[in-house]
Amino acid sequence: MFKKKRNILALSLLLLISLATTTASLWLPLSPAYIDPSQRLLSPSETYWFGTDDFGRDLFGRTIVAARVSLLVGVVVSLVSTVLGTIVGLVSGYYKKADFILMRIIDGMLAFPALLLALSLVAALGGSITNIIIALTFAFFPVMTRIVRSAVLQINHLQYIEAAKTTGASDIVILLRYMLPNVLSPIIVQGTFIFAKAILAEAALSFLGVGVNPSIPTWGNMLQESQIYVTIAPWFSIFPGIAIVITVLTLNILGDGIRDAFDPHSTNRKKKRFLRRRNQDVTLNGGS
Amino acid sequence: MLQYTIRRFISVIPVMFIVSVIVFLLVHLTPGNPAYLILGEDSSQESIKQLEQQLGLDKPIVVQFFDWIKNILTGDLGQSIYSSEPVTQVIFDRFGPTFSLMLLSLIFILVISIPIAIFVVAMRKTILDPIFLTISLLGVSIPEFWFAILLVLAFGVTFPIFPVAGYAPIAEGVFSWLYYLILPAFVLAAVEVGLIARMLRDGMLESINQDYTRTVRAKGVRESTVLMKHVFANALIPTTTVVGTAVAGLLGGTVIIETLFTIPGIGQLLIDSIYRRDYPVIQGVVLIISAIYVLINLLVDLLYAFLDPRIRYD
Amino acid sequence: MLEVNDLKVHLDTDSGIVKAVDGVSFTVEAGKTIGIVGESGSGKSVLAMSLTQLNPQPPAFYPQGEILFEGKNVLKRTKKDLRKIRGNDIAMIFQDPMSSLNPVFNIGDQIKEAIRTHDKKMSRQDVEKKVIELLTDVGIPDPKRRINDYPHQFSGGMRQRVLIAIALACKPKLLIADEPTTALDVTIQAQILELMKDIQKKYGTAIIIITHDLGVVANIADKILVMYAGRIVEEGSVHDIFYRTSMPYTWSLLRSLPRLDIDESERLLTIKGQPPDLIHPPEGCKFNPRCPFVSPECLKMDPPLTERGSNHRAACILSNEQFEEAKQALIIAERKGVHS
């Protein structure tokens with residue numbers, strides 16, 4: 001019961017954030033872009049709920065508007081990673097020959113800590129929103145591939161798949177009609193977590209100064225600007241951070257909730273599967 | 001075990017090959033001429049030609065690739081464009097702080113998350129468990145750089161106990177080394193603690209209802225021994241792999257933390273080199289960090305195999 | 001030595017209170033063997049675990065009854081006292097030897113732990129010697145070498161022997177074996193049962209064997225209790241249970257057993273229906289939905305255990321004679337069914 005309420009609360013909060021940021025220009029009392037040097041670094045007040053930044057801009061409005069980039073990056077990265085990861089994972093799990101090559105490449109990509117891969121890709125490509133989305137997709141889709149592949153390997157030998165094969169169904173039909181619906185739950189769960197991770201990573205890249213152009217308000221950019229004022233204007237650092245935490249937390253709660261909904265013992269089962277696979281690997285590798 | 005070890009070592013080769021391909025391609029992904037990018041728009045034709053020659057950019061890409069592989073294998077990662085020193089030297093000079101930071105973080109992670117997990121499992125039937133789950137979820141939702149800013153705020157302004165910037169090599173004394181590192185290492189660890197403690201808890205909860213714990217209880221062993229000895233020993237094995245994951249997080253996190261706390265490590269070198277467009281150094285750092293990551297995962301896998309008698313004696 | 005009086009063990013689950021053990025009384029005398037027989041879900045394992053309070057609480061709780069071990073109520077003991085009983089006075093072995101040993105410790109350490117828990121003063125050499133002695137007693141070949149082996153290096157039968165060695169470590173007065181042979185091959189089953197008989201001779205331990213298979217207890221038990229839906233429905237000697245069966249459920253169990261000495265037409269019949277829902281058990285006699293001799297009476301009252309001979313009791317409204325008649329009538333009807 002507690003969990004159900006938590007999920008509904010998280011979903012409503014996420015929808016509220018999306019609605020608030022997309023319709024911001026309609027209802028925000030102060031323009032988030034309006035510069036007023038006389039109002040620099042003001043602490044929170046009735047006029048400026050979250051205070052003002054170093055250019056005298058309203059931080060409440062900027063925090064709301066900044067959600068656009070975060071949500072955009074999060075949605076696109078999680079969608080593209082999911083589609084890409086699912087395709088590669090399905091192919092890899094189903095065709096043994098393709099599997100060998102694809103998994104070596106995926107293993108190679110997984111050998112980079114995700115943030116590092118994204119960071120160096122952005123450094124090479126340049127820091128536009130599109131490039132950040134490309135870089136983060138490359139950083140996150142390999143994990144999705146791994147998950148889809150192992151889910152496919154789990155069901156590949158099951159009877160209904162074998163049955164479909166013997167009736168002469170084409171590979172495409174088997175993959176899309178029989179495999180995909182049965183590996184959908186880990187895909188959706190992981191997709192939600194990638195959404196959350198992408199938001200965190202985008203903020204980190206912007207914070208490091210290699211992300212979105214500093215003129216565009218994003219939570220990472222705001223925190224980057226706020227850093228030197230942290231001692232004199234702590235609210236400048238606090239509110240954008242809280243915004244990130246709330247958004248990412250709602251996504252993580254939803255991911256957790258979806259996992260529980262699909263499989264009440266998910267954590268246990270996954271670990272058992274993992275252990276079993278591990279032992280199998282070892283026996284297959286041939287002991288003494 | 002020996003065969004497993006050999007197989008596991010061999011499996012590193014294709015992974016590192018793919019890693020080097022990706023790192024090699026980093027430079028060639030840049031839109032336009034890398035030499036032009038490095039030197040800036042107002043540079044002369046000659047200096048661009050010269051740099052192209054220095055970087056080998058005038059040769060066909062396949063030749064460049066094999067030159068690059070050959071150089072890596074001989075330990076030559078090229079020359080820094082910024083300082084003209086060999087890249088290996090530049091990285092080596094920055095290695096100490098990063099290693100110190102990661103080591104201390106890892107110690108923090110283990111020292112904090114293991115007792116928390118045991119405590120939560122011992123209290124599993126109380127309200128503490130759902131509270132822990134919520135906190136650990138909150139833990140993975142907090143950006144580490146923001147958490148660092150909050151700590152800087154707390155310790156730099158409100159309670160100025162620890163320094164919020166700088167680094168002292170261990171050669172200058174263990175105390176000052178620790179003194180400067182505690183805060184950054186704690187921030188770096190904090191983000192991973194929630195995840196690791198959660199994994200440990202899940203593993204222990206699974207182990208706690210296994211048949212063998214019933215056997216141990218039937219012997220008349222006290223519950224705390226059941227938890228600390230039997231359940232923990234079993235939960236520890238899968239957790240070694242989680243430490244591998246944590247190290248990945250730490251390696252990514254050092255970039256942020258070193259920048260924030262101005263620690264002259266590899267992470268800061270990477271960010272500086274990105275600003276300077278010092279591509280050979282960027283490539284070198286990314287390659288080395290990935291190699292370390294692959295190596296740590298290899299060690300973790302071997303440790304896993306060693307800890308689990310089912311694999312050790314196979 | 002052990003006396004269980006009107007014991008109830010209930011489990012508080014999300015879907016309701018499971019009355020796993022619902023008013024059970026029996027006694028175990030020193031050195032004797034008791035068989036408790038029933039289908040899965042009859043409450044027999046919960047009963048076994050409750051004797052040393054190994055059931056996790058919650059969900060288990062004890063609303064009624066007492067378990068007197070050497071005159072003292074186990075249910076009223078402190079945790080510390082209970083630990084002294086477990087392993088030392090009352091030891092247990094469980095169904096699945098494959099998963100009942102901790103995979104990350106070698107078997108020597110796991111046996112030593114059983115000794116050390118109750119005797120902290122014994123010297124290292126003595127403990128080592130005792131472990132080897134125990135392993136020899138349970139028939140593990142080359143115990144000196146195998147003491148350092150890990151569970152996965154043993155077969156199922158050998159692991160069950162190791163578990164028996166753990167149970168015997170402190171010379172318990174009572175050994176509770178919960179389905180000790182179910183997970184094993186038939187040939188190994190016989191060996192393990194033989195071993196338990198030998199052990200009893202050598203150590204003078206009383207044994208409670210819990211099983212779903214009447215065949216297992218047929219030539220080892222001094223007394224058999226048949227459990228159904230958390231109650232004892234029939235108890236008596238092996239002879240009483242097999243040849244003077246007085247309760248339709250016991251009879252159904254016997255008929256589901258492959259046997260050579262009984263007419264073919266009576267053989268290998270399964271019991272129709274499912275074991276009862278222990279949250280909402282049926283009104284009247286709990287066996288009535290599955291009983292071939294059910295009458296309107298059975299839906300109204302739950303018959304108590306009544307004397308059917310010396311030390312033979314059964315819970316059925318039919319008297320022995322009525323039951324015999326009904327049985328014959330059913331067998332004849334079945335034969336006709338087969339021939340027509």
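This is a predicted model: local features need pLDDT of at least 70, side-chain atom pairs count only at pLDDT 80 or more; totals for chains, interfaces and linings use all residues.
Chain B contains 15 helices and zero strands. The C-alpha trace of this chain spans about 85 × 55 × 35 Å along its principal axes. Of the 314 residues in chain B, 42% are buried. Among the contacts in chain B with a separation of 6 or more, 71% are accounted for by residues 24 or more positions apart.

Chains A and B touch each other through 48 residues from chain A and 48 residues from chain B. On the side of chain A that touches chain B, at least two residues each are supplied by α4 (96-110), α5 (114-125), α8 (171-207), α10 (234-262) and α11 (266-284) of chain A. The most is given by α10(A), with 10 residues. By residue type, this side of chain A divides into 29 nonpolar, 15 polar and four charged residues.

In soluble globular proteins, nonpolar side chains tend to be buried together. In the present model, the largest nonpolar core has 148 residues. Ala118(A), Leu136(A) and Ala204(A) are the residues with the most contacts inside this core. When neighbours within four places in sequence are left aside, Ala118(A) is in contact with Ala135(A), Leu136(A), Ala139(A), Ala201(A) and Leu205(A).

Notes
Residues are numbered from 1 along each chain as its sequence is written. Chains are lettered from A and ligands numbered from 1 in the order in which they are written. A nonpolar core is a set of buried Ala, Val, Leu, Ile, Met, Phe, Trp, Tyr and Cys residues joined through C-beta atoms within 7 Å. A residue is buried if 20 or more other C-beta atoms lie within 10 Å of its own, exposed if 12 or fewer, and partly exposed in between; C-beta atoms are placed from the backbone. Two residues are in contact if their C-beta atoms, placed from the backbone, lie within 7 Å. Helices (H or I, at least four residues) and strands (E, at least two) are DSSP runs, numbered from the N terminus. Ala, Val, Leu, Ile, Met, Phe, Trp, Tyr, Cys and Pro count as nonpolar, Asp, Glu, Lys and Arg as charged, and the others, Gly among them, as polar.
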